[in-house]
Amino acid sequence: MEWKGRRQSSNVEDQRGASPGGPFGRGGGFRIPGGGMRRAGGGMSFGTLIFLVILYFVLRAMGIDMLQILEGGPVNMPGFEQSDGSQAPRGSAEEEEMKAFMATVLAETEDTWNGIFQASGEQYEEPRLVLFNGAVRSACGFASAASGPFYCPGDRKVYLDMSFFDELAQKFDASGDFAQAYVLAHEVGHHVQNLIGVLPKFNQMRQRMSEVEANQMSIRVEFQADCFAGIWGKYTEQKGLLERGDLEEALNAATQIGDDTLQKRMQGYVVPESFNHGTSEQRMRWFKRGFDSGKMSDCDTFSGSV
């Protein structure tokens, strides 16, 4: 995919190196040790005073302003900043290039969906992309890298641990930059579903469904996100940004993360009743349908068979 030199989205939050529970544990606050360090009369002992003075200079050496903490100000720990991208932690050259690529792909999805929504007389609300390592806390709860990329309707953000792409290439044999772009475009597809009311309706209906029924409906939701990702791919092709083999990379990625392929790889057999994302053939077909058409009207996965 031809992407270098193109606009990068500003809707990127780089939380790599941030602690999801705060630098000092769950509460995120700093508590001065107590208990056994006060005299019976309630005054401060000389030993306590010495301890606090030493503690003050130790924390200052670590870059932590103790006076700021005591005054109730924000505590900025080196390596734990909750960044908005303006002072993002830097990784390796490879990681920084991947971040730039993701910001560029996000910008391309913004251009695509802004145009589609405007053509319908509506306004597209751009999602934010959160980059993290290891674990992250979202409005949908705590998640680890093992969860894979995900979209949270509660805060309208896409969450991505970029190490997932290593796993995608090495474990699932789905390498290539357009395969990576497909993953992000799919999650943005869920954001589009949220904006047009598909996700809210599904979450409401799911409360009255059995597990089997909910899985079947979830599959249709995933197919539509694949189809929406295909629409983005269509607009990207029209801009002349696709290189030879890019479409095949995306189709291969869709194939490798189908429920049947994943189950065969992980457990050696397939349990169709447990599917919640659909088969490899179905996911590939719906992405291709969006890519060929470029129209949201052709992404109705909720009517008829899939």
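This is a predicted model: local features need pLDDT of at least 70, side-chain atom pairs count only at pLDDT 80 or more; totals for chains, interfaces and linings use all residues.
**Stop 1**

Select strands β1, β2, β6 and β5. Together these four strands form an open sheet, and β1-β2-β6-β5 is their order across it. The pairing in this sheet is mixed. As background, the strands of a sheet pair through backbone hydrogen bonds, either parallel or antiparallel.

Which strands stand at the edges? They are β1, residues 12–14, and β5, residues 150–152. Each has a single partner strand, so one side of β1 and one side of β5 have no neighbour in the sheet. Now turn the view to compare strand directions. On average, neighbouring strands of this sheet are turned by 25° against each other, with direction ignored.

Next, keep β2 (residues 128–131) and β6 (residues 157–160) and hide the rest. These two strands pair in the parallel sense, over four bridges.

**Stop 2: helices α5 and α7**

Select α5, residues 177–195, and α7, residues 211–238. Two packed helices are described by the angle between their axes and the distance between the axes. Here the axes come within 7 Å and cross at roughly 120°. Angles from 65 to 115 degrees count as roughly perpendicular and those over 145 as roughly antiparallel, and α5 and α7 are therefore oblique to each other. Their crossing is right-handed.

Show the side chains where the two helices meet. On the α5 side, the residues in contact include F178, Y182, H186 and Q193. On the α7 side, they include V221, E222, F228 and W232. By class, the contact of α5 with α7 is made up of 10 nonpolar, six polar and two charged residues.

**Stop 3: helices α5 and α8**

The axes of α5 and α8 come within 7 Å and cross at roughly 55°. That angle makes α5 oblique to α8. The crossing of α5 and α8 is right-handed.

Which residues of α5 meet α8? They are D177, F178, A179 and Y182. In α8 they meet D246, L247, E249, A250, A253 and A254. The contact of α5 with α8 has seven nonpolar residues, no polar ones and three charged ones.

**Stop 4**

Select G141, which lies in strand β4, residues 141–144. G141 counts as partly exposed because its relative accessibility is 26%. G141 and C152 are 11 residues apart along the chain, and their C-alpha atoms are separated by 9.1 Å.

Most residues other than glycine have a negative phi.

Go to R156, in the loop between β5 and β6. Phi of R156 is near 60°, a positive value in a residue other than glycine. With a relative accessible area of 32%, R156 is partly exposed.

Finish at D173, in the loop between α4 (164–170) and α5. Its phi is near 55°, which is also positive in a residue other than glycine. Is D173 buried or exposed? D173 is exposed, because its relative accessible area is 56% and exposed means over 50%.

How values were computed:
Residues are numbered from 1 along each chain as its sequence is written. Side-chain values use heavy atoms; hydrogens and water are left out. Two strands pair if DSSP finds at least two bridges between them. Axes are lines fitted to C-alpha atoms, for helices over the stretch in contact, and angles run from 0 to 180 degrees between N-to-C directions. Angles under 35 degrees count as roughly parallel, over 145 as roughly antiparallel, 65 to 115 as roughly perpendicular and the rest as oblique. A crossing is left-handed if the near helix is turned anticlockwise from the far one by less than a right angle, and right-handed if clockwise. Contact means heavy atoms within 4.5 Å. Ala, Val, Leu, Ile, Met, Phe, Trp, Tyr, Cys and Pro count as nonpolar, Asp, Glu, Lys and Arg as charged, and the others, Gly among them, as polar. Buried means under 20% relative accessible area, exposed over 50%, partly exposed in between (1.4 Å probe, protein chains only).
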